[in-house]
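Please take a moment to look over the sequence and the structure shown here. The briefing below is meant for a reader who meets them for the first time.

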Amino acid sequence: MTMTLRRQSTCVGKGEDPFDGKFLSDPQREGLNQFKAIFLGTGVLDKTLSTPKRIHAGRKHNDLDDVGKDTHHRTFFEVLGNWSFGDCFKSRAISWALELLTQVCKLPADRICAMYFGGDEKLSLEGNDEARDIGLEFLPVLPFGRKEPLVALTAVLRAPIGRLMGHTRVYVSTIGESNPFSSQPVRLYASVPQKYFKVWWKYPPKGFYKGNTDASYKDGTDLAWVGGIIRDDEAEYVRAYNKEIQAPTSPLAEVKGVSELILYAEEHGFLPIVIETDCKAVKDKAMSKTLHIESIYREMQLLVRKHNVTVFAAYEEVNDIANQLAHLRYNGMHEYKDINEIPLSIQQDVRTRLADEKNNKPYHRLRKSKK
């Protein structure tokens, strides 16, 4: 098969046509300027290779805020690709990609999956079933939506949608155990490492205790349950508890969870203490310099000031022990002075998480798409 190596056009717009302008357009950032004529229907090209430079620095694909926070976000990089206009050869493209990754790059095949366009009912767009069926001959495949990378370019390029929807991307998982794509098929999308960043449970300052709290609210009632766990400055388990409380809404249950943790720490001598909650709004209210008009918020704020407590917002992953305790939903108050007293239903998971967090093992958090 003969393919033409296509040299990339400049990434800097000159204002000469609709694709150019003061700011970098999508084709410029994606390194697609050399194909403009084809997308506009004014040029002809069959099969080609390209090594376009790409810039992620604006609009939909702005990664500037993410650079340095993980190991996979970049603002400027080079992409190797092969293109076919008018004469698609998906079977070869997919098999070539797998050959390059497994035989040349020596990547393990059980950590590789491919994406394909899964369709869009609202726009009456059919999925790329051909790419899906071909891909399944070689490796697991994932359906991606219209708003995913490159597929979204159809809205900008106004090109024949069927051509761009033929785009296929290959992912390699670098986290968890081997073969992550076949072991949890329901969570395939969450297995793509590019969607993750790392979060840690953080040690408190020397001489301080640290408490994590969460709440579980029962819809349609005034009942809620709060769970809390306290550790020392060496991340050693000190005490945990579960308690039934009265709260008219879920946010107010989170507020009372912070208050209950401070009162518990005060009663048992676990002061000074810093507290984490996975509800940022509660953290903001707790640390506000202005007393809230509502009594439940004001009670929390006064306890925070009385004991000079700092309240932080935590990700759900690092607050999960408190969350599990809250969801036990016992009546009254249950204290767990020792890990062995924690119910067997969650005891092993608590032990594992405590050990992992003490050893600074990170959690992998799924990054939410920017809307």
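The points that follow treat sheets, cores, single residues and rings in turn.

This is a predicted model, in which local features need pLDDT of at least 70 and side-chain atom pairs count only at pLDDT 80 or more, while totals for chains, interfaces and linings use all residues. Residues are numbered from 1 along each chain as its sequence is written, and side-chain values use heavy atoms, with hydrogens and water left out. Helices (H or I, at least four residues) and strands (E, at least two) are DSSP runs, numbered from the N terminus.

**The six-stranded sheet**

- An open sheet is formed by 6 strands in the order E14-E13-E10-E11-E12-E15, with mixed pairing; two strands are said to pair if DSSP finds at least two bridges between them.
- At its edges lie strand E14 (310-313) and strand E15 (333-336), each of which pairs on one side only.
- From one strand to the next the twist averages 20°, where axes are lines fitted to C-alpha atoms, for helices over the stretch in contact, and angles run from 0 to 180 degrees between N-to-C directions.
- Within this sheet, E10 and E13 pair in the parallel sense over 5 bridges, and Tyr209 stands opposite Ile273 in E13.

**The three-stranded sheet**

- Another open sheet consists of 3 strands in the order E1-E2-E5, again with mixed pairing, and its edge strands are E1 and E5, each pairing on one side only.
- Strand E1 (residues 4-5) runs parallel to strand E2 (residues 47-50) and is joined to it by 2 bridges, with Leu49 in E2 as the bridge partner of Leu5.
- The pairing of E2 with strand E5 (residues 81-84) is antiparallel and extends over 4 bridges; Lys47 stands opposite Ser84 in E5, and Ser50 has Gly81 as its bridge partner in that strand.

**Nonpolar cores**

- A nonpolar core is a set of buried Ala, Val, Leu, Ile, Met, Phe, Trp, Tyr and Cys residues joined through side-chain atoms within 4.5 Å, and buried means under 20% relative accessible area, exposed over 50% and partly exposed in between (1.4 Å probe, protein chains only).
- In soluble globular proteins, nonpolar side chains tend to be buried together.
- The largest nonpolar core here has 30 residues, among which Ile275 and Met300 touch the most other members.
- At least two residues of this core are supplied by each of strand E10 (209-217), strand E11 (223-231), strand E12 (237-246), helix H8 (250-268), strand E13 (273-277), helix H9 (280-286) and helix H10 (295-306), and the largest share, 8 residues, comes from H8.
- Leaving aside its neighbours within four places in sequence, Met300 is in contact with Val255, Val258, Ser259, Val282, Lys285 and Ala286, where contact means heavy atoms within 4.5 Å.
- A second, separate core of 12 residues includes Ile229, Ile321, Leu328 and Leu354.

**Glu254 in helix H8**

- Glu254 lies in helix H8 and counts as buried because its relative accessibility is 11%.
- Apart from neighbours within four places in sequence, Glu254 is in contact with Asp214, Ala215, Thr277, Asp278, Cys279 and Val282.
- The C-alpha atoms of Glu254 and Trp225 are separated by 9.4 Å, although these residues are 29 residues apart along the chain.

**Backbone features in loops**

- Leu271 and Pro272 are joined by a cis peptide bond with omega of about 0°, and Pro272 is found in the loop between H8 and E13.
- Ala235, in the loop between E11 and E12, has a phi near 65°, a positive value in a residue other than glycine, and with 4% relative accessibility Ala235 counts as buried.
- Asn360, which is not a glycine either, has a positive phi of about 60°; its place is in the loop between helix H12 (344-358) and strand E16 (363-366), and at 44% relative accessibility Asn360 counts as partly exposed.

**Charges over rings**

- A charge sits over a ring if NZ of Lys or CZ of Arg is within 6 Å of the ring centre and within 35 degrees of the ring normal.
- Lys210 lies over the face of Trp201, at 4.5 Å from the ring centre, and the charged end of Lys285 sits over the ring of Tyr297, 5.7 Å from its centre.
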